[in-house]
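Please examine the structure shown below.

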Amino acid sequence: MATETTVTTVTAKKHKPINRPRMNRIAPRACDVLDLIEQVGDHGDKVVYRYYVGREIKSITYAEFHEMIHACAAGFDAMSLKGKRVAVIGDTSPQWICTYLAALAAGCVIVPMDKELDVSEICKFLDIVEAKAIIYSKSFNEKFVKAISENLTGVEYFVPITPAYDNTFDAKVTSFDQVLELGYSRIEREGYRYPHVENREEMCEMLFTSGTTGTSKCVMLSQKNIFAAVNAACETVCFTPDDVVLSVLPVHHTYELMCILAELLFGIETCINDSLRHVLKNMQVFKPTGMVLVPLFLNTMYKKIWSEAERTKKDGILKAALATSKTMLSMGIDLRRKLFKTVLESFGGRLDHIICGGAKLNPDLIAAFEDFGISVFEGFGITECSPLTNVTPYFKRKYGSIGPSVPCCRCRIADAQPGEQGYMEGELQIKGDNVMMGYYNNPEANEAAFTEDGWFRTGDVAYKDEEGYVYITGRMKSVIVLENGKNVFPEEIEEYLDGIETIAECVVIGRKAQDSDEVILTVVAYPNFEKLPAGATEELIHETIYKQIMQINRRLPSFKQMKALELRATEFEKTTSKKIKRHLIK
């Protein structure tokens, strides 16, 4: 990633990837949730979660968590929830994850929900899936008062993880601790054994895709789907039981949830971030060795490195150290952890590897982090595939590629046409054990989602090289068709714009020219005001950013050059996985 004033340019294609030795190990596996729970118990007194309760950091061991899952499942059974739909919503916590596992183990269907949704949307979704119980974190205590008092849903049990002291709806509210007490009582009085998983291909999880209530689709997953992806993650990443991971992303999102399940299989210690405002602070508190992130966080971390160097007037020293490090690496001497000790300490001092997915990742950013001794491994997935489909191998990396397909599935490039890179380019399609059962009560969407021969259509445009490595070039829905018939994928151009430090966020769209039907590539940008003169006028901001865009145009073929710039006064609206909602940009 390159900026005009602070960062020396990194060109990923010229930057030789540093590979790690291939691990000689047998990766942990689980066929279903009962397998996973058994292995959770096997990890014994090792810490599974460290997390905040107020300002205090608490911890729970694998053995204690194993007991909590058993009690919660027994409690659900005592509440006659077996075979019913159980929703869970709120901040990441041991109780949230316990609810997920206990519901599956008790024979319920679990419904993870987005905590950013409005309560009215939550109620509509609860009705769609006919949920009989919802477990929720403290921030929803007041929000659900109206839903409870006015019977806005068919939910029979509202289960607050941390109940409000002034609760007056005892008839419908059962606290999470009370559910555990029910379970412990059932276990002590009668004993409780998890029901056998009779059919791993039955629906056990329902997930709503991003969108409004009217456009969201409900994905149906089976235990076969879920654990195919979890096992594939364990097989393909370089995480080990010795890792300490800081959990940052929303837990309801399949990407983060799959990684959390894989961490449980490994026996990893996971530390739970309490707020997006505190990520960098919590990295210093918990000192993670590994993380699971989306590109937005990587960009933030990278900007932090250089802004701090500028603030302390050490940016020149840092550039010189980078040059020295590269020279030493070329001679087989790796001094990165020593040369960049101060940089690494800002992230806790032990951060070594990051899995990044969820959105398009600029390959230059991967190379830039590697320069400091932090390896970034890009992956790809989609909710409908549980979600993992591809990951770049840690032992044979190619910057810019999401890697080959993971062991549980195959991928192909369909309806392909010759592309600019010399490969056939078309829609990326997936087939395998991780692919969803389908969308709930939505035959039209199911028909559109699958090809006649049963492959799932991702909607992403990609090509595959001779070694099976896949490269995403854009989204079919966001493609801009120019008057000359050329197709332009805005994500590709946006990678270049990442290097302009005066732009905080941007998208590229196609606009009709005012005096003709010509479609021109237009940058819609939210400025980074910290990198602009204080009190700068809109005219000066526009002129400054436009000049930097014109410099980038010199590196692009004529049909990919940007001709116009529009400024925004506010940040773009984003999904909870921090992707810009392109469909809202008019």
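W96 and Y100 both belong to helix α3 (residues 94-105), where they lie 4 residues apart, about one turn of the helix. Helices (H or I, at least four residues) and strands (E, at least two) are DSSP runs, numbered from the N terminus. The two residues form a stacked aromatic pair, at 6.3 Å centre to centre and with 10° between the planes. Rings of Phe, Tyr and Trp (its six-membered ring) are taken to pair if their centres lie within 6.5 Å; planes under 30 degrees apart count as stacked, over 60 as edge-to-face and the rest as tilted. The structure holds 16 aromatic pairs.

The model is predicted: local features need pLDDT of at least 70, side-chain atom pairs count only at pLDDT 80 or more, and totals for chains, interfaces and linings use all residues. Residues are numbered from 1 along each chain as its sequence is written, and side-chain values use heavy atoms, with hydrogens and water left out.

Helix α3 also packs against other helices. Two packed helices are described by the angle between their axes and the distance between the axes. For α3 and α8, the angle is about 85° and the axes are 12 Å apart. Axes are lines fitted to C-alpha atoms, for helices over the stretch in contact, and angles run from 0 to 180 degrees between N-to-C directions. That value makes α3 roughly perpendicular to α8; angles under 35 degrees count as roughly parallel, over 145 as roughly antiparallel, 65 to 115 as roughly perpendicular and the rest as oblique. From α3, the residues W96, I97, Y100 and L101 meet L257, I260, L261 and L264 of α8, contact meaning heavy atoms within 4.5 Å. By class, this contact of α3 with α8 has 8 nonpolar, no polar and no charged residues. Here Ala, Val, Leu, Ile, Met, Phe, Trp, Tyr, Cys and Pro count as nonpolar, Asp, Glu, Lys and Arg as charged, and the others, Gly among them, as polar.

Helix α2 (residues 62-78) packs with α3 at an angle of about 55°, with the axes 8 Å apart. The two helices are therefore oblique to each other, and their crossing is right-handed. A crossing is left-handed if the near helix is turned anticlockwise from the far one by less than a right angle, and right-handed if clockwise. On the α2 side the contact is made by F65, M68, I69, C72, A73 and F76, and on the α3 side by P94, I97, C98, T99, L101, A102 and A103. By class, the contact of α2 with α3 has 12 nonpolar, 1 polar and no charged residues.

Helix α8 (residues 254-266) lies across β1 (47-53), β9 (244-247), β10 (269-272), β11, β12 and β14, and runs at about 155° to β11. An open sheet of 8 strands has the order β2-β1-β10-β9-β11-β12-β13-β14, with mixed pairing; two strands pair if DSSP finds at least two bridges between them. Each of β2 (56-61) and β14 (388-391) stands at an edge with a single partner strand, so one side of each is left without a neighbour in the sheet. Neighbouring strands are turned by 25° against each other on average, direction ignored. Within this sheet, 4 bridges join β11 (residues 290-293) to β12 (residues 353-356), and these strands run parallel. M291 stands opposite I354 in β12. In the loop between β13 (375-381) and β14 lies P387, which a cis peptide bond joins to S386, with omega about -5°.

A further sheet is open and has 3 strands in the order β22-β23-β24, with mixed pairing. Its edge strands, β22 (503-512) and β24 (564-567), each pair on one side only. The twist averages 30° from one strand to the next. Strand β22 is joined by 9 bridges to β23 (residues 519-527), and the two run antiparallel. V507 stands opposite V524 in β23. Helix α16 (residues 490-497) packs on this sheet, touching β22 and β23, and its direction makes about 140° with that of β22.

Two backbone angles complete the account. Phi of E130 is near 55°, a positive value in a residue other than glycine; E130 lies in the loop between α4 (119-129) and β5 (131-136). Phi of D415 is near 50°, again a positive value in a residue other than glycine, and D415 is placed in strand β15 (residues 409-418).
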